[in-house]
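Here is a walk through one chain, from its fold to its surface. Keep the structure in view while reading.

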Amino acid sequence: MANTLVQFRTEETARIKAVSICGKLGIDLPTYLRMCISRLIQENGVPFSMKVDDISESRGVKAMKTASRIADENGISDMTLEEINAEISSVNLDK
């Protein structure tokens, strides 16, 4: 059973964001902090990462990143707007 109180100060906005992320992970902030201390001691360092997938990216941002990656993979990431519009027009005309 825990018998030592550990306190520290942080910005209120950081605390609110941390509580929100912990809630999405299904834990509370004190549980997370106890986990950090336990693992820090076990591993003699910071051994892990816990993330909530895509908590800050909208569907639109993800779509743009995907489109950018696909353009890079196909060697067309440097196309101008005019070239892009011409490609779109040629596809629409072919239908």
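A residue is called buried under 20% relative accessible area, exposed over 50%, and partly exposed in between. Glu43 has 44% relative accessibility, so Glu43 counts as partly exposed. The same cut-offs apply to each label used below. Bear in mind that this is a predicted model.

Start with the overall layout. The chain has four helices and zero strands. Along the sequence, the pattern reads α-α-α-α. The chain holds 95 residues, and buried residues make up 2% of them. The accessible surface of the chain is about 8600 Å². Carbon and sulfur atoms account for 55% of that surface.

Now take the helices in order. H1 covers residues 12-25. H1 has 14 residues, and its first and last C-alpha atoms are 20 Å apart. That is close to the 20 Å expected at 1.5 Å a residue. Gly26 follows H1, and its phi is positive, near 85 degrees.

Arg15 pairs with Glu12, and their closest N and O atoms are 2.6 Å apart. Both residues lie in H1, three residues apart, which is about one turn of the helix. How accessible are the two partners? Arg15 has a relative accessible area of 35%, so Arg15 is partly exposed. Glu12 reaches 44% and therefore counts as partly exposed too.

Next comes H2, residues 29-43. H2 has 15 residues and reaches 21 Å from its first C-alpha to its last. The expected value, at 1.5 Å a residue, is 21 Å. The partly exposed Glu43 lies in H2 together with Arg39. The side chains of Glu43 and Arg39 meet in a salt bridge, at 3.9 Å from N to O. A cut-off matters here: a salt bridge needs the nitrogen within 4 Å of the carboxyl oxygen, so the pair qualifies at 3.9 Å. Glu43 and Arg39 are four residues apart, about one turn of the helix. Arg39 has 31% relative accessibility, so Arg39 counts as partly exposed.

Leu40 lies in H2. Its relative accessible area is 43%, so Leu40 is partly exposed.

What follows H2? Asn44 does, with a positive phi near 55 degrees. Most residues other than glycine have a negative phi. Asn44 has its positive phi although it is not a glycine. Asn44 sits in the loop between H2 and H3. With a relative accessible area of 74%, Asn44 is exposed.

H3 spans residues 59-73. Its 15 residues should span 21 Å at 1.5 Å a residue, and its end C-alpha atoms are 21 Å apart, so the two values agree. Arg69 forms a salt bridge with Glu73, with 3.0 Å between the closest N and O atoms. Arg69 and Glu73 are four residues apart in H3, so about one helical turn separates them. Which label does each partner get? Arg69 has a relative accessible area of 43% and is partly exposed. Glu73 has 55% and is exposed. The total count of salt bridges is three. Just after H3, Gly75 takes a positive phi of about 70 degrees.

The last stop is H4, residues 81-94. Which residues form the negative surface patch? They are Asp78, Glu82, Glu83 and Glu87. Of these, Glu83 lies in H4. Glu83 has 40% relative accessibility, so Glu83 counts as partly exposed.

The chain is built from four helices and zero strands. Its salt bridges number three.

Notes. Residues are numbered from 1 along each chain as its sequence is written. This is a predicted model: local features need pLDDT of at least 70, side-chain atom pairs count only at pLDDT 80 or more; totals for chains, interfaces and linings use all residues. Side-chain values use heavy atoms; hydrogens and water are left out. Patches are made of residues with over 30% relative accessible area and no salt bridge: like charges are joined within 9 Å, nonpolar side chains (Val, Leu, Ile, Met, Phe, Trp, Tyr) within 5 Å. Accessible areas come from the Shrake-Rupley method with a 1.4 Å probe; for residues, only the protein chains shown count as cover. Lys and Arg count as positive and Asp and Glu as negative; His and the chain ends are not counted. The place of a charge is taken as NZ of Lys, CZ of Arg, CG of Asp or CD of Glu. Helices (H or I, at least four residues) and strands (E, at least two) are DSSP runs, numbered from the N terminus. Buried means under 20% relative accessible area, exposed over 50%, partly exposed in between (1.4 Å probe, protein chains only). The expected span of a helix is 1.5 Å times one less than its number of residues.
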